[in-house]
Amino acid sequence: MTDTATREFSTVGVIGLGTMGAGIAEVFARNGYTVIGVEQNDAGVQRGREHLEHSTGRAVKREKMTQAQADELLGRITLTTQMSDLAVADLVVEAVVESLEVKKSIFRTLDDIVRPDAVLATNTSSLSVTEISTANSKPGRVVGVHFFNPAPVQNLVEIIRTVVTEPDVLADVQELLRSLGKNPVVCGDKAGFIANTLLFGYLNHAVSMYEGKYASREDIDAAMRFGCGYPMGPLALLDLIGLDTAYEILDTMYKQGRDRLHAPAPILKQYVTAGLLGRKSGRGFYTYEAPDSPVVVADPQTPSADDKPQLRHDIKLVGVVGTGTMASGIVEVFAKAGYDVLFTGRGQDKVDGVVATITKNFDKQIQRGRATEEQKGEVLGRVRGTTSLDDLKDVDIVVEAIAEDLAIKTTLFENLDEICKPGAILATTTSSLPIISMAKVTKRPQDVIGMHFFNPAAIMKLVEVVSTVATDEAVTESVLALCDEVGKVAVKCGDRAGFIVNALLFPYLNDAVKMLEAHYATADDIDTAMKQGCALPMGPFELLDVVGNDVSLAIQKELYLEFREPGFSPAPLLEHLVTAGYLGRKAGRGFRDYSSR
Ligand code: CAA
Ligand code: NAD
């Protein structure tokens, strides 16, 4: 494609210097381009200037550039309220509010201003680029260039090609973006393109969770950060994007696809109407130090120090049932934190296996200089294994991590109820079964709770603490405090399929499979889009292959059965891969083939 590049770009116009426009202007100026920034009035110009000065000021403070370089960069940018100043531009990038009417009027106006060979681009997140382009007399020179927020940071740019975009325009813009160090991915003109189609279902779902008081804003965000390694939680991300922009994106996507999951959660509209637009207005889901500041300050919803959970139970001896991956990780977590741990397995060989795994983990740490032989001895000294469940009679809390099968787990809870002393907390690590079904077979449902650890338990910080309708509040509080004691980040939620993390994660992965199945984009482009547009640690197909398609399908089916959301129905392609035995890395083949790697 690049060998067809014909244009030389040197002057770039940017219309709208808000969250995105200011960042886009900075990207071009950083790369030596002359930039003309157009705002609608003097106040807009002033805000645009502040955005630019703030961003370059931060780079200077962090010693990423010198003051002289920052001054030079800012010197390349002229700010104006006159669209006619764009007469000299080789490329114009429009980044005004997400409104079809406003954008069309701009593309109409540009007709009489720019040169006939100038390229026109829109940074729209979801609107039809085709429709925007037809407002101009030369729709063939119009493309979408969808930068990601913050534009100077995220490498992805989606280039949206309409059916009339001229091939040389596409090639030139691709080449230009590459020269800026960006990674352009070309896609067709469908509301939401690649990344937003996958991102906004997830974000909207998180808003509904918050609106329905399923979990607090802090817990929803912490769950995705610590459970999935996302750079920020969904509600903080919505504040960064801007709630007005997010509302418009969801509304456009809903109107095009009629997917209920894209119908903006009602509270979004309420925030927007109230002028709470996120970071840019100083308040959205969170409250910020000042408009445009990333610094969150306390507000009435912020948990106070007095709310810090306390240990309401005297916990000295921890019981663990199971000898698998999760159980051995959980034994390690408690023993490392100084607790005596008694775990049970179905045979001496399995019991010995847990000790061997912990020993091996320690040896690796010792080799890397992160632990000592002495620490290993201390920790192993606190761990005792047994093959008799009856030995758990004196534990203060027991955490079970046996097979994910309701019949097996309920039988275990009946037994634990008989064996464990009164007042002992009975916890399950189930990731998908109803905890109330386990509580109900005991005579102490108030003491039964979920502790959903993440794999590998010794490393992943998150624990979802799941209370049923019967769980005693003091039990919940003790378990939250206990998680804190052992160095975990605990989030609190209710007993329903997927808890926080899986309910937010798996429908997004499933949507990615549906997008692949619809041939809208390749697995590589989708993975790239999510990694380089949203800074996610893994693309959806990479993650599916690691998790296992069978596991993902089972979770997705649970979610579908519980919520009956048509949008949660498992993607047929996912079912087919599972039927074919393409389960992911563990099978040597999933969405990708690993057999020769
Ligand atoms: N402008 C310019 N640079 C910025 C910036 C901004 N607004 N915010 C952060 N940065 C820079 C910092 O200067 C810093 O640069 P250096 O490494 O060179 O020093 C770097 O980014 C990291 O910043 P911080 O250390 O302050 O903060 P962080 O490490 O917590 O990262 C983040 C902040 C970049 C926002 C990161 O949390 C992130 O990538 N989050 C995900 C954002 C995301 O998903 N974006 C996509 C939204 S969807 C979209 O854009 C499409 C749409 O249509 C709505
Ligand atoms: P914003 O509200 O932060 O900024 C919009 C700016 O456009 C404001 O400064 C406003 O004064 C200016 N403006 C409005 N009408 C104008 C006109 N007629 N002429 C000149 N300037 C005008 O919005 P934003 O978040 O920067 O979004 C801009 C575009 O970028 C939208 O299409 C949005 O969907 C898209 N986008 C947003 C994000 C994001 O995360 N916020 C990411 C990618 C793309």
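1. A polar contact, as the term is used in this note, is a pair of N or O atoms within 3.5 Å; within protein, one of the two must be able to donate a hydrogen and the other to accept it, and residues adjacent in sequence count only if both atoms are side-chain atoms. By that criterion an oxygen atom of ligand 1 lies 3.4 Å from a polar backbone atom of Cys 534.

2. On provenance, this is a predicted model, in which local features need pLDDT of at least 70 and side-chain atom pairs count only at pLDDT 80 or more, while totals for chains, interfaces and linings use all residues. Residues are numbered from 1 along each chain as its sequence is written, chains are lettered from A and ligands numbered from 1 in the order in which they are written, and side-chain values use heavy atoms, with hydrogens and water left out.

3. The chain is divided into domain 1 (11-188), domain 2 (195-299), domain 3 (317-494) and domain 4 (506-587), with bounds that come from an automatic or database domain assignment. The centres of domain 1 and domain 3, taken over C-alpha atoms, are separated by 53 Å.

4. Around ligand 1 there are 23 residues, of which Arg 58, Ser 125, His 146, Asn 149 and Asn 196 come nearest; a residue is near a molecule or strand if one of its heavy atoms lies within 4 Å of it.

5. Which elements give two or more residues to the shell around ligand 1? They are helix H2 (42-61), helix H7 (195-211), helix H9 (234-241) and helix H19 (523-534), and H7 gives the most, with three residues. Helices (H or I, at least four residues) and strands (E, at least two) are DSSP runs, numbered from the N terminus. By class, the shell around ligand 1 has 13 nonpolar, seven polar and three charged residues, where Ala, Val, Leu, Ile, Met, Phe, Trp, Tyr, Cys and Pro count as nonpolar, Asp, Glu, Lys and Arg as charged, and the others, Gly among them, as polar.

6. Ligand 2 also has 23 residues around it, and Glu 39, Glu 98, Lys 103, Ser 125 and Ile 241 come nearest. Its oxygen atoms take part in several polar contacts: one lies 2.8 Å from a polar side-chain atom of Thr 19, one lies 2.5 Å from an N or O atom in the side chain of Glu 98, and one lies 3.0 Å from a polar side-chain atom of Asn 149. Of the 830 Å² of accessible area that ligand 2 has on its own, the protein covers 88%.

7. The elements that give two or more residues to the shell around ligand 2 are helix H1 (19-30), helix H4 (100-111) and strand S6 (142-147). That shell divides into nine nonpolar, ten polar and four charged residues. Because domain 1 (11-188) and domain 2 (195-299) both give residues to the shell, ligand 2 lies between them.

8. How many disulfides does a search of the whole structure find? The search finds zero, a disulfide being a pair of cysteine sulfur atoms within 2.5 Å. The sulfur of Cys 187 has its closest cysteine sulfur in Cys 534, at 13 Å, which is too far for a bond. Cys 187 is buried, at a relative accessible area of 5%, and Cys 534 is also buried, at 13%; buried means under 20% relative accessible area, exposed over 50%, and partly exposed in between (1.4 Å probe, protein chains only).

9. Some individual residues complete the note. Ser 467, in strand S17 (residues 462-467), counts as buried at 17% relative accessibility, and its side chain is joined to that of Thr 476 by a polar contact of 3.1 Å. Lys 350, in helix H13 (residues 348-367), counts as partly exposed at 38% relative accessibility, and its C-alpha atom is separated by 8.8 Å from that of Gly 322, 28 residues apart along the chain.

10. Ser 569 is found in the loop between helix H21 (549-563) and helix H22 (572-580), and is partly exposed, with a relative accessible area of 22%. The C-alpha atoms of Ser 569 and Leu 553, 16 residues apart along the chain, are separated by 9.8 Å.

How values were computed
Areas by Shrake-Rupley, 256 points an atom, 1.4 Å probe, with all protein chains shown as cover.
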